[in-house]
Amino acid sequence: MNGIDVLLDVASRPKDALAALPSLTTDQLNHHPEGHPNSVAWLLWHTGREIDMQLAALTSDDEIWRTGSYRDELGLGEIGDSLGYGHSPSDAEQIQVRGANAMGTLTGYINATLEALIAYCRTLTDSDLGETIAEYDGEPISRGTRLISIVDDASAHLAQAAYVAGMRA
């Protein structure tokens with residue numbers, strides 16, 4: 001097994017977590033447990049956005065958010081175009097989904113971004129993973145590090161969404 005095989009396996013794991021989520025109503029998606037600013041809708045929206053935006057930066061492709069129907073279907077406006085990092089509580093509370101298929105749209109968006117991530121990983125070689133693509137606090141960030149970070153963040157947010165979804169009455 002090489003680095004790309006490992007990366008492909010890791011990148012596919014969030015799909016399993018996503019598939020295990022129960023179907024939630026819009027009220028359940030938009031609920032803020034204990035007054036926390038991040039609802040399940042926010043967690044799912046952010047999961048898709050963080051994969052999409054970071055992958056688009058790596059590939060120079062357009063974001064799926066804009067090329068697919070997700071942006072229009074969710075109707076989140078300008079706040080929906082953001083990433084979610086640094087959202088104030090007020091910003092996060094603006095992520096309110098509507099419509100009978102909101103859950104399907106959110107999970108469809110995440111699935112589409114994960115499929116794009118996996119397809120991108122299939123184009124890489126082990127040597128591509130070590131290429132420096134950015135700097136953070138003066139330290140180089142490799143392509144492989146960025147890809148693992150994307151998947152790790154997606155897994156963490158999907159686990160949070162699953163936990164909150166499991167709290168519903």
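Q: Where does glutamine 54 sit?
A: Glutamine 54 is in helix H3, residues 40-59. Helices here are DSSP runs of H or I with at least four residues, strands are E runs of at least two, and both are numbered from the N terminus. This is a predicted model, so local features need pLDDT of at least 70 and side-chain atom pairs count only at pLDDT 80 or more, while totals for chains, interfaces and linings use all residues. Residues are numbered from 1 along each chain as its sequence is written, and side-chain values use heavy atoms, with hydrogens and water left out.

Q: Is glutamine 54 buried or exposed?
A: Glutamine 54 counts as buried because its relative accessibility is 15%. Buried means under 20% relative accessible area, exposed over 50%, and partly exposed in between, with a 1.4 Å probe and protein chains only.

Q: What does its side chain make a polar contact with?
A: The side chain of glutamate 50, at 2.8 Å. A polar contact is a pair of N or O atoms within 3.5 Å; within protein, one must be able to donate a hydrogen and the other to accept it, and residues adjacent in sequence count only if both atoms are side-chain atoms.

Q: And which residues does glutamine 54 touch, leaving out those up to four places away in sequence?
A: Arg49, Tyr85, Arg146 and Ile150. Contact means heavy atoms within 4.5 Å.

Q: What about arginine 49, buried or exposed?
A: Buried, because its relative accessibility is 0%.

Q: Switching topic: how do H1 and H8 pack?
A: H1 (residues 3-19) and H8 (residues 102-122) pack at about 175°, with axes 10 Å apart. Axes are lines fitted to C-alpha atoms, for helices over the stretch in contact, and angles run from 0 to 180 degrees between N-to-C directions.

Q: Which residues make that contact?
A: Among them are Ile4, Leu7 and Leu18 of H1, plus Ile110, Leu114 and Arg122 of H8.

Q: Where's glutamate 34, and what's its phi?
A: Glutamate 34 lies in the loop between H2 (26-30) and H3, and its phi is near 55°, a positive value in a residue other than glycine. Most residues other than glycine have a negative phi. Glutamate 34 counts as exposed because its relative accessibility is 82%.

Q: And serine 60, where is that?
A: In the loop between H3 and H4 (64-67). Serine 60 has a positive phi of about 65°.
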